[in-house]
Amino acid sequence: MQLQQMYQEIILDHYKNPHGRGLRDPYDAESFQVNPTCGDEVTLRVHVVDDVVQDVSYDGQGCSISQASTSVLTDLVVGKPVGEAFKKMDAFVELMQGRGQVEPDEDVLEDGIAFAGVAKYPARVKCALLGWMAFKDAVARSQGAA
Amino acid sequence: MTTTAAPLDVTALRADFPILSRTVRDGKRLVYLDSGATSQRPTQVLDAEKAFLEQHNAAVHRGAHQLAEEATDAYEGARQRIADFVGADFGELVFTKNATEGFNLVAYAMGNAATSGPEAARFVLNPGDEIVVTEMEHHANLVPWQQVAQRTGAVLKWFKLNPDGRLDLSDVDSVITPRTKVVAFTHQSNVTGVINPVSVLVAAAQKVGAITVLDACQSVPHGPVDFHALGVDFASFSGHKMLGPSGIGVLYGRRELLEALPPFITGGSMIELVKMEGSTFAPPPQRFEAGSPMTSQAVGLGAAVDYLSVVGMERIHAHEHALTVAALEGLGSIPGVRLIGPQDAVDRGGAVPFEIEGVHPHDAGQVLDSLGIAVRVGHHCAWPLHRCLNAQSSVRATFYLYNTLDEVDALVDGVREAQKFFGVA
């Protein structure tokens with residue numbers, strides 16, 4: 001069934017038991033992103049010390065795809081240097097915009113590879129990228145403020 | 001609205017809509033429950049567009065040749081038939097790109113009134129003047145008014161919603177006051193299907209000399225509408241929601257008002273006399289149709305109102321009412337499903353929005369799509385309405401003349417399937 005291809009168990013697990021959820025202190029910058037077609041929103045904070053992502057915390061309401069991808073994001077970037085986190089982000093964006101033609105690298109994206117099936121549904125790509133756009137924006141703000 | 005007319009022969013009607021016999025998502029029968037967003041077109045409309053393009057295509061209102069004459073006749077003939085369909089006179093209908101443009105046309109033209117001639121004085125918005133809308137508006141009949149208020153210093157006010165999703169009209173006179181210049185409201189909510197009491201709002205507006213602007217996008221396609229009888233000043237609706245083409249909308253304006261209204265978009269075709277120092281403008285409707293207009297779309301919309309007239313708007317309304325009653329009952333009986341807006345089908349068109357506890361609307365829509373069922377998810381361009389009714393977003397099923405009770409059953413089964421898939425059943 002196509003549905004299972006899209007909603008991999010990993011995605012449903014992250015949706016039901018999200019990692020890193022909740023807004024926390026300390027943080028350097030915060031970003032609020034909204035998907036205007038469905039009203040989904042996320043508020044995401046980053047705490048960066050010596051160019052390393054110390055914490056990502058977030059809150060929001062949204063579909064399983066947007067919530068799960070933000071949960072995966074925290075797994076992927078927390079504890080990583082900003083440059084490496086951005087490389088992972090680029091890989092995830094490339095996967096999501098690949099219309100299902102991009103082969104994901106599990107070493108880079110870990111649980112993120114579960115979103116390969118989502119990439120076949122153009123209407124859901126925005127959902128998967130909502131948290132990542134917030135992360136990118138928040139890091140840029142934190143660097144701007146530094 | 002009640003009718004004693006014979007019920008629709010939906011099986012026969014469906015044969016007119018080629019798209020309804022296609023399959024989606026690996027061979028699933030298409031169950032199209034998204035006509036509130038865009039409706040499907042019958043062969044009669046598609047053929048009319050094609051015949052126009054194959055036989056009569058030319059620029060309208062210009063050219064000295066036979067094709068230009070035929071194209072102009074087809075374009076203006078469509079205007080006449082659409083006018084008859086909505087209870088308006090020929091010169092009272094302006095073709096627009098879509099309904100949204102119609103609302104912007106009125107809002108911008110009013111914004112231009114201060115710098116136009118004395119005939120436009122009644123449209124001038126001064127600081128402190130009031131524009132009244134409602135919390136159930138589609139963004140198309142809300143944002144243009146926010147913008148013109150911002151530009152002119154007018155104040156935006158609104159009717160609130162009751163918890164049941166209907167307008168709170170308990171104190172009309174405190175919202176519509178002698179300072180009110182415009183009352184803009186929807187005939188039928190695109191989210192909940194609620195049909196508003198037009199006569200109450202028109203009477204209150206007329207008492208203070210305010211102009212009424214009706215969003216008729218969801219009413220004109222689904223039941224009998226007569227703008228003269230309703231007494232509204234302006235109304236806007238779109239072609240693609242009434243079996244017609246996209247790329248065409250219609251603005252109705254009471255003749256006396258259209259004649260005094262300054263233009264919005266300017267350029268070719270809308271002028272009377274052009275000199276380097278300045279220009280004068282054509283009478284309506286040409287004054288509001290600048291540039292080369294859409295042509296096959298107008299012809300297609302003319303064919304759509306012919307089709308709807310033959311079927312009968314009373315019968316279409318009754319048919320959709322039966323589907324709405326069935327959907328409310330079927331969805332309402334599922335534990336964990338919350339119907340948004342009114343729980344009954346009184347004064348309501350064929351739109352049923354709902355939420356499923358534990359399943360985000362976008363995910364519910366995905367499960368339904370995998371079963372071949374097309375619905376709308378999100379806030380349906382009515383974000384304030386969703387906020388009022390405590391919904392972040394919703395799943396919306398909308399019905400039209402070609403939908404069946406079997407399709408309502410498929411929707412209800414599909415919702416149960418979504419609950420099962422996300423483990424909340």
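Student: In which sense do strand E9 and strand E10 of chain B pair, and over how many bridges?

Tutor: Two strands pair if DSSP finds at least two bridges between them. In this predicted model, strand E9 (residues 234–238) and strand E10 (residues 249–253) of chain B pair in the antiparallel sense over 5 bridges. B:Ala235 stands opposite B:Tyr252 in E10(B).

Student: Before we go on, what should I know about numbering and confidence?

Tutor: Residues are numbered from 1 along each chain as its sequence is written, while chains are lettered from A and ligands numbered from 1 in the order in which they are written. As the model is predicted, local features need pLDDT of at least 70 and side-chain atom pairs count only at pLDDT 80 or more, whereas totals for chains, interfaces and linings use all residues.

Student: What is the strand order of the open sheet of 7 strands in chain B?

Tutor: The general idea comes before the case: strands of a sheet pair through backbone hydrogen bonds, either parallel or antiparallel. Here the order is E4-E10-E9-E8-E7-E5-E6 (chain B), with mixed pairing. Strand E4 (93–96) and strand E6 (155–159) of chain B are the edge strands, each pairing on one side only. On average, neighbouring strands of this sheet are turned by 20° against each other, direction ignored.

Student: Which strands does helix H4 of chain B lie across?

Tutor: For such angles, axes are lines fitted to C-alpha atoms, for helices over the stretch in contact, and the angles run from 0 to 180 degrees between N-to-C directions. Contact is defined for two residues whose C-beta atoms, placed from the backbone, lie within 7 Å. Helix H4 (residues 99–112) of chain B lies across E4, strand E8 (211–215), E9 and E10 of chain B, and runs at about 155° to E9(B). Helix H5 (residues 143–152) of chain B also packs on the sheet, touching strand E5 (130–134), E6 and strand E7 (180–186) of chain B, with its direction at about 150° to that of E6(B).

Student: How is chain B divided into domains?

Tutor: Domain bounds come from an automatic or database domain assignment. Chain B has domain 1 (10–41 + 313–421) and domain 2 (47–309). Taken over C-alpha atoms, the centres of these two domains of chain B are 28 Å apart. Their contact takes 27 residues from domain 1 of chain B and 28 residues from domain 2 of chain B.

Student: What are the radius of gyration and the buried share of chain B?

Tutor: The radius of gyration is taken over C-alpha atoms, and the globule rule is 2.2 Å times the number of residues to the power 0.38. Chain B, with 14 helices and 17 strands, has a radius of gyration of 22 Å, close to the 22 Å that the rule gives for 425 residues, so it is as compact as a globular protein of that length. A residue is buried if 20 or more other C-beta atoms, placed from the backbone, lie within 10 Å of its own. Buried residues make up 52% of the 425 residues in chain B.

Student: What pattern does chain A follow along the sequence?

Tutor: Chain A holds 6 helices and 3 strands, in the pattern α-α-β-β-β-α-α-α-α. Its buried residues make up 44% of the 146 residues in chain A.

Key
Helices (H or I, at least four residues) and strands (E, at least two) are DSSP runs, numbered from the N terminus. A residue is buried if 20 or more other C-beta atoms lie within 10 Å of its own, exposed if 12 or fewer, and partly exposed in between; C-beta atoms are placed from the backbone.
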